[in-house]
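Biologist: Can you take me through this one? I'd like to go region by region and ask as we go.

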Amino acid sequence: LSPVCLGSLRRAASINAEYMGIMQSEVAAQKLLNFQNQQPFDVSLFDELAKAFFSGGTEVFGHQAAHDILAKFQEHPDSWAKVADIVSKSSVNQSKIIALNILANCIRFRWRVLPIEDKKGIKSFLESAIIDYSQRDALNDEEQAFLTKLNTTLIEVLKQEWPQNWPTFISDLVKLAQKKESICCNSMKILQLLSEEINGVDKNTDTLHLTQAKRQHLKKSLEAEFQDLFKLCIMVLGHDACSDKKLLEQTLTTFSRFVQWMPMGYIFETQLLQLLTLKFYPSQFQPNALECLTEVVAIDISDEPQCDEWGKRSRRSL
């Protein structure tokens, strides 16, 4: 064949491949975006699109085509209903993260209009998934990232439902935490996230998207439940048989988030300061203990009736 013929064949092949790619994209879009279809959701197709989007394109889908279809899918008001299918059946972690982003946005912006049964279903789904992942003895980096996303999505539900429609959340979490060290560790992480959402991690960061009244209401609700939280933390920190490094580090980190708002009697009238100064500060957990102690030192107790006595106790411990 002459060079001219070869060039024509290559152009024809390129045009044909482009045409086939367009057709495949249109079929995929029709299949995923047809929410009236009673057929099972095609999770493998969703995975292919996720892989194409995050890898810059595959042989099946180009990057832009995958982006457009996924964007339309995420924008659809019923896309959240496919999240459970994606999470339970997908083999691609990016697909699961996209699904949880969809669910988080639904909770954040459409929660009030969802039927009660749908709300119950979302809460049950998140609880089951978190328990499933947190009870595993070892998680790889992708699984840990997914569990973290599950936790933050649960926080979005709590900001809508707790305490008025989910009054037993804290007590349920405390009971669950006592079943296994890995579950306890993740429960501590959830409590850390909840405290940070309600109280903020610093004055310059707005992570709350809550009114001041709502923030104060959540704060008072958390304070009212603090006795159970304190018992759980002291059970972990004061238990000499507990040798789980990750759990102890997480509990100390969570406690450091509690200090700025917890009732001060729990700091100065319990064994907490002794545990921090005598057990954890002279150990491998010194940075975590120091973080807690730094928060304690920053507390202004000058207006408290027990100021002198608390000051003496803290100086003895330090």
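Modeller: Pro163 sits in the loop between α7 (141-161) and α8. Bear in mind that this is a predicted model.

Biologist: Is the peptide bond from Trp162 to Pro163 cis or trans?

Modeller: The bond from Trp162 to Pro163 is cis, with omega near 5°. In general, most peptide bonds are trans.

Biologist: OK, back up into α7. What does Gln160 touch, leaving out residues up to four places away in sequence?

Modeller: Gln160, which lies in helix α7, touches Ile107, Arg108 and Trp111.

Biologist: And is Gln160 buried, partly exposed or exposed?

Modeller: Gln160 has 23% relative accessibility, so it counts as partly exposed. Buried would need a value under 20%.

Biologist: At what angle do the axes of α5 and α7 cross?

Modeller: Helix α5 (residues 93-110) and α7 cross at roughly 10°, and their axes come within 9 Å. An angle under 35 degrees counts as roughly parallel, so α5 is roughly parallel to α7.

Biologist: Which residues meet there, α5 against α7?

Modeller: On the α5 side they are Asn93, Lys96, Ile97, Leu100, Asn101, Leu103, Ala104, Ile107 and Arg108. On the α7 side they are Glu142, Ala145, Phe146, Lys149, Leu150, Thr153, Glu156, Val157 and Gln160. By class, the α5 and α7 contact has nine nonpolar, four polar and five charged residues.

Biologist: Which residues make the α8 and α11 contact?

Modeller: Ile170, Val174 and Ala177 from α8 meet Asp228, Leu229 and Leu232 from α11. That contact divides into five nonpolar residues, one charged and no polar.

Biologist: Switching to α2 and α3. How do their axes cross?

Modeller: The axes of helix α2 (residues 43-55) and helix α3 (residues 63-75) cross at roughly 125° and come within 8 Å of each other. That makes α2 oblique to α3. The crossing is left-handed here.

Biologist: Which residues do the work of contact between α2 and α3?

Modeller: α2 contributes Phe46, Leu49, Ala50, Ala52 and Phe53, which meet His63, Ala66, His67, Ile69, Leu70 and Phe73 in α3. The classes in the α2 and α3 contact are nine nonpolar, two polar and no charged residues.

Biologist: How many aromatic pairs are there in the whole structure?

Modeller: The search finds 16. One of them is Phe41 with Phe46: their ring centres are 6.1 Å apart and the planes are at 55°, so the pair is tilted. Phe41 and Phe46 are both buried.

Biologist: What about Phe226 and Tyr266, what kind of pair is that?

Modeller: The rings of Phe226 and Tyr266 have centres 5.0 Å apart and planes at 75°, so they count as edge-to-face. That pair links distant parts of the chain, with Phe226 in helix α11 (residues 226-237) and Tyr266 in helix α13 (residues 265-268), 40 residues apart.

Biologist: Which aromatic cluster do they belong to?

Modeller: The cluster is formed by Phe226, Phe230, Phe255, Phe258, Trp261 and Tyr266.

Biologist: Where does Thr270 lie, and what is it in contact with beyond four places in sequence?

Modeller: Thr270 lies in the loop between α13 and α14 (272-280). Beyond its sequence neighbours, Thr270 is in contact with Phe230 and Gly265. Thr270 is partly exposed, with a relative accessible area of 24%. Its C-alpha is 9.8 Å from that of Ile234, which is 36 residues away in sequence.

Biologist: Last one, the whole chain. How many helices and strands?

Modeller: The chain has 16 helices and zero strands. Of its 318 residues, 44% are buried. Among contacts with a separation of 6 or more, 66% involve residues 24 or more positions apart.

Methods
Residues are numbered from 1 along each chain as its sequence is written. This is a predicted model: local features need pLDDT of at least 70, side-chain atom pairs count only at pLDDT 80 or more; totals for chains, interfaces and linings use all residues. Side-chain values use heavy atoms; hydrogens and water are left out. Axes are lines fitted to C-alpha atoms, for helices over the stretch in contact, and angles run from 0 to 180 degrees between N-to-C directions. Helices (H or I, at least four residues) and strands (E, at least two) are DSSP runs, numbered from the N terminus. Angles under 35 degrees count as roughly parallel, over 145 as roughly antiparallel, 65 to 115 as roughly perpendicular and the rest as oblique. A crossing is left-handed if the near helix is turned anticlockwise from the far one by less than a right angle, and right-handed if clockwise. Contact means heavy atoms within 4.5 Å. Ala, Val, Leu, Ile, Met, Phe, Trp, Tyr, Cys and Pro count as nonpolar, Asp, Glu, Lys and Arg as charged, and the others, Gly among them, as polar. Rings of Phe, Tyr and Trp (its six-membered ring) pair if their centres lie within 6.5 Å; planes under 30 degrees apart count as stacked, over 60 as edge-to-face and the rest as tilted. Buried means under 20% relative accessible area, exposed over 50%, partly exposed in between (1.4 Å probe, protein chains only).
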